[in-house]
Amino acid sequence: MLARRTRGALLAVERGVRVDDPPDDHRRRRVGGAHRLKAEDAARFSRIGKSPGRPNRAGALPREPSGTYLGHMPGPAFLHPQLPSLFPKPPAGERWIHEIRHDGYRTQLVLADGCARAFTRGGHDWSDRYPRLVAAVRDLGCRSAVVDGEAVVQDEAGRSDFAALVGALRHERYRIVLFAFDLLHLDGRDLRPLPLAERRAMLRDLLAGRSADFALAYSEEFEGDGADLFAAADRSGLEGIVSKRRDSRYRAGRCDSWVKVKCFTEGLFAVTGIKRTRTGEVNALLADASGAPVGRAFVTLGRDDRERFWSAVRALSDGDHRNSRAGEVELLAPGLFVRVRYIRGEGAMRHATLKEVVGTPHPVG
């Protein structure tokens with residue numbers, strides 16, 4: 001049976017509000033665990049800080065041994081992140097905590113001796129793209145810190161919106177907030193050897209008491225059955241959840257002590273071509289209602305749908321098989337429509353499979 005706080009948290013996920021929020025005081029309210037800003041905040045936050053320079057055009061920062069420092073920065077440098085493994089369902093048991101998986105960009109904020117920077121998952125310097133986050137980490141009141149989280153923009157319902165994030169990076173950077181979920185360094189101390197529960201407790205304390213318009217929000221954890229949280233996330237149209245071992249140490253790279261479980265959705269798309277890879281995979285190339293390409297899906301259909309699909313491909317093919325380094329592409333005329341199952345919330349269609357043929361040219365066969 002779920003604890004009282006977890007039951008409340010699940011309800012909050014479905015309603016798009018935080019469990020521990022104060023009542024609406026007609027000034028601002030937190031939405032979905034971060035902050036939704038009023039229109040009048042735009043001008044103020046668009047002027048926060050000053051870009052500390054352009055991104056590192058040379059690409060990712062050099063791989064350095066754990067705990068070393070970059071010569072041009074007087075403190076902890078970018079630390080290679082821990083990455084969750086994809087699982088089909090949430091793990092069970094009291095050893096695990098569960099968080100909502102937000103649809104944004106993995107971001108690491110580094111503070112050292114008054115110098116703050118923001119890095120992508122691959123170590124690219126995006127400080128000038130996140131001026132509000134950089135300004136916020138400077139205001140944490142500590143000498144140095146490395147904060148791990150997800151940079152997001154939320155919609156009106158409090159859900160992270162990846163398309164809105166991409167747009168905000170160009171025109172509305174004041175809208176970007178960070179869900180902070182781990183603390184790797186604090187005041188010169190490397191916290192990665194500590195258990196996750198201890199690191200998160202220190203992170204919560206570091207972020208406690210901040211105003212409603214602070215750009216860093218603590219990513220709440222949910223205790224109890226991860227399957228219940230996942231079901232609530234799925235009903236609410238969220239991307240999924242991440243489950244983490246309470247006692248896990250922070251280790252760079254993919255691991256099984258952090259696991260992600262993603263929600264799938266389905267949609268109707270037009271098939272514009274067939275791609276056969278050199279490894280033998282067969283993919284359908286897909287487009288949306290406007291004709292814009294959206295990605296590709298594995299051709300995995302039952303016998304009847306499979307026969308209809310390939311009959312339609314033969315009828316619509318232009319007969320020209322184009323070879324490329326990745327394989328062979330055969331373009332189709334309009335007329336074949338399919339239902340596709342794919343991961344919700346991704347910037348590009350991922351883990352997509354054909355579920356059903358819903359429209360074919362006439363006659364077929």
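**Exercise 1. Find which helix has the lowest mean pLDDT among the elements of the protein chain, and which has the highest.**

Solution. Start with the score: pLDDT is the predictor's confidence in each residue, from 0 to 100. Next, the elements: helices (H or I, at least four residues) and strands (E, at least two) are DSSP runs, numbered from the N terminus. Helix H2 (residues 41-46) has the lowest mean, 24, and helix H5 (residues 196-207) has the highest, 97. Over residues 1-74 the pLDDT is below 50.

This is a predicted model, in which local features need pLDDT of at least 70, side-chain atom pairs count only at pLDDT 80 or more, and totals for chains, interfaces and linings use all residues. Residues are numbered from 1 along each chain as its sequence is written, and side-chain values use heavy atoms, with hydrogens and water left out.

**Exercise 2. Decide whether Thr120 is buried or exposed, and list its contacts.**

Solution. First, locate Thr120 in strand S6 (residues 115-120). Then apply the cut-offs: buried means under 20% relative accessible area, exposed over 50%, partly exposed in between (1.4 Å probe, protein chains only). At 15%, Thr120 is buried. Finally, leaving aside neighbours within four places in sequence, Thr120 is in contact (heavy atoms within 4.5 Å) with Phe78, Arg106 and Trp126.
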